[in-house]
Amino acid sequence: MLSDKMQQALNDQIRMEAESSQIYLAMASWAEIKGFEGISAFMFKQSDEERQHMLKLLKYVNQRGGEAVVSALDEPRLDYSSFRTLFRQLYEHEVKVSASINELVDIALTGKDYATHNFLQWYVSEQIEEEATAKVILDKIDLIGDDKGGLYMFDNDMKNFTANGHNIVQ
């Protein structure tokens with residue numbers, strides 16, 4: 001059984017993962033409208049991945065005798081003024097998610113909930129990858145600067161962008 005504190009924290013994380021999916025979805029829609037096929041494909045894929053993270057948490061809470069809560073979400077508030085700004089927001093959001101996962105791990109350890117601690121290790125590893133991916137993308141955008149040809153190539157590269165393909169430790 002989950003403690004009340006652990007259940008509430010996991011439900012908060014379910015909401016955060018759902019918000020992450022919505023953020024990526026909003027970015028995907030914007031990129032698609034602007035004609036950036038690669039960026040939109042990457043963002044749609046990431047949105048799906050974040051939804052899977054949410055579902056995994058939801059099922060875990062229910063399987064442990066808790067009650068997973070699916071709550072209403074706020075509309076993502078994003079600044080679309082530049083690609084750098086967009087991806088900077090994404091990176092900052094992933095850092096926030098990592099901090100939240102770390103807090104969950106702390107609650108699990110403090111409460112001697114070793115099953116949940118073990119379950120959360122997958123999320124710890126996943127967040128290392130998510131942050132690294134966002135950082136690599138930001139670095140690439142910095143290299144491109146204002147070069148439209150570079151932006152075209154970047155968009156094309158995003159179609160096949162994976163952490164493995166960019167030497168990100170997993």
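Q: What do buried, partly exposed and exposed mean here?

A: Buried means under 20% relative accessible area, exposed means over 50%, and partly exposed lies in between, with a 1.4 Å probe and protein chains only. This is a predicted model, in which local features need pLDDT of at least 70 and side-chain atom pairs count only at pLDDT 80 or more, while totals for chains, interfaces and linings use all residues. Residues are numbered from 1 along each chain as its sequence is written, and side-chain values use heavy atoms, with hydrogens and water left out. Tyr 80 is partly exposed, as its relative accessible area is 30%. Trp 30, at 16% relative accessibility, counts as buried. Of the 170 residues of the protein, 44% count as buried.

Q: Which secondary-structure pattern does the protein follow along the sequence?

A: Helices (H or I, at least four residues) and strands (E, at least two) are DSSP runs, numbered from the N terminus. The protein has 5 helices and 0 strands, and its pattern reads α-α-α-α-α.

Q: How many aromatic pairs are there?

A: Rings of Phe, Tyr and Trp (its six-membered ring) pair if their centres lie within 6.5 Å; planes under 30 degrees apart count as stacked, over 60 as edge-to-face and the rest as tilted. The count by this rule is 7 aromatic pairs. One of them joins Trp 30 and Tyr 80, which is stacked because the ring centres are 5.3 Å apart and the planes stand at 20°. Trp 30 belongs to helix α1 (residues 4-33), whereas Tyr 80 lies in the loop between α2 (37-63) and α3 (83-110), 50 residues apart. Ring pairs also link Trp 30 and Tyr 80 with Phe 36 and Phe 83 into a cluster.

Q: Why does the pair of Tyr 60 and Phe 119 count as stacked?

A: The centres of these two rings are 3.9 Å apart and the planes are at 10°, so the pair is stacked. Tyr 60 is in helix α2 and Phe 119 in helix α4 (residues 114-144), so the pair ties together parts 59 residues apart in sequence. Tyr 60 is buried, with a relative accessible area of 9%, and Phe 119 counts as buried at 15%.

Q: Where does the charged end of Lys 56 sit?

A: A charge sits over a ring if NZ of Lys or CZ of Arg is within 6 Å of the ring centre and within 35 degrees of the ring normal. The charged end of Lys 56 sits over the ring of Trp 122, at 3.5 Å from its centre.
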